[in-house]
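Please look through the sequence and the structure shown here before reading on.

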Amino acid sequence: MEPGAILPLPAAVDPAAIFSPIAGEEPLVMAVRTLLSRVAAPRVVVAVAESLVARVHDVLAARGWSAVTVIAAPAPGDRRRAIASGLQYLVPEQLSSAPVLVHDHRHALVPGEVTDRVIAGLAAG
């Protein structure tokens, strides 16, 4: 089964950590670009606190990434609920064996090759 990916952005995240450019680009954009280079857009979910939904959606839409799903995590919008929301969206049937990558916005500069190794490791069992 095709892998999915979740980028959780909980309410506790300082917006500057995801929207302030590093080398001219927002960490949010860097993280999503890495995921999109390895996972099909409909299988990439950015699960965010309600307060961040509109801004995240606008940033992704400005890049032409409207196929990336942005969903609101239920209150209080913590990391656990963001990941759970992403999983519920990607794998509604709980017995699915589809691999799901969880990216951390704090590691936006992780090269795509690391993601490749994780996917290969999951495929190898």
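Predicted model: local features only at pLDDT ≥ 70, side-chain atom pairs only at ≥ 80, totals over all residues.

## The two sides of helix α3

On the face of α3 that is turned away from its buried side, the exposed residues A54 and A62 are found. Helix α3 spans residues 53-62, and its buried residues are V56, V59 and L60. When one looks down the axis of α3, these buried residues fall within an arc of 95°, so they line one face of the helix.

What lies over the buried residues of α3? The cover includes the strands β1 (4-9), β2 (44-49) and β3 (69-73), together with the helices α1 (15-19) and α2 (27-36).

## An enclosed helix, α2

In helix α2, 8 of the 10 residues are buried, so this helix is largely enclosed by the rest of the structure. The buried residues are P27, L28, V29, M30, A31, V32, T34 and L35.

## The fold as a whole

How many helices and strands does the protein have? The secondary structure comes to 5 helices and 4 strands, and, read along the sequence, these elements follow the pattern β-α-α-β-α-β-α-β-α. The radius of gyration is 14 Å, close to the 14 Å that the globule rule gives for 125 residues, so the protein is as compact as a globular protein of that length. Taken along the principal axes, the box filled by the C-alpha atoms is roughly 35 × 30 × 25 Å.

Of the 125 residues in the protein, 43% are buried. The accessible surface comes to about 6,600 Å², and carbon and sulfur atoms account for 57% of that surface. Among the contacts with a separation of 6 or more, 70% are between residues 24 or more positions apart.

## Around the end of α3

Just after α3, G64 takes a positive phi of about 80°. The loop between α3 and β3 also holds R63, which is partly exposed because its relative accessible area is 36%, a value between the 20% limit for buried residues and the 50% limit for exposed ones. If its neighbours within four places in sequence are left aside, R63 is in contact with E25, E26, V29 and R33. The C-alpha atoms of R63 and V114, which are 51 residues apart along the chain, are separated by 23 Å.

Is A49 buried or exposed? Residue A49, which has its place in strand β2, is buried, with a relative accessible area of 3%. Residues up to four places away in sequence not being counted, A49 touches L9, P10, A11 and G77. Residues A49 and A82 are 33 residues apart in sequence, while their C-alpha atoms are 7.3 Å apart in space.

In the loop between β2 and α3 lies S51, and this residue is exposed, with a relative accessible area of 65%. From S51 to L9 the C-alpha distance is 10 Å, although the two are 42 residues apart in sequence.

## Backbone details and a charge over a ring

The loop between α1 and α2 is where A23 is placed, and A23 is exposed, with a relative accessible area of 84%. A cis peptide bond, with omega about 10°, joins A75 and P76, and P76 lies in the loop between β3 and α4 (79-90).

Where does the charged end of R55 sit? The charged end of R55 sits over the ring of F19, at 3.9 Å from the ring centre. As for pairs of aromatic rings whose centres lie within 6.5 Å, the count is 0.

Note on methods:
Residues numbered from 1 in each chain as written. Heavy atoms only, no water. Phe/Tyr/Trp six-rings, centres within 6.5 Å; stacked < 30°, edge-to-face > 60°. Lys NZ or Arg CZ within 6 Å of the ring centre and 35° of its normal. Rg over C-alpha atoms; globule rule 2.2 N^0.38 Å. Buried < 20%, exposed > 50% of the residue type's maximum accessible area, 1.4 Å probe, protein only. Contact = heavy atoms within 4.5 Å. Areas by Shrake-Rupley, 256 points an atom, 1.4 Å probe, with all protein chains shown as cover. Arc of directions from axis to C-beta.
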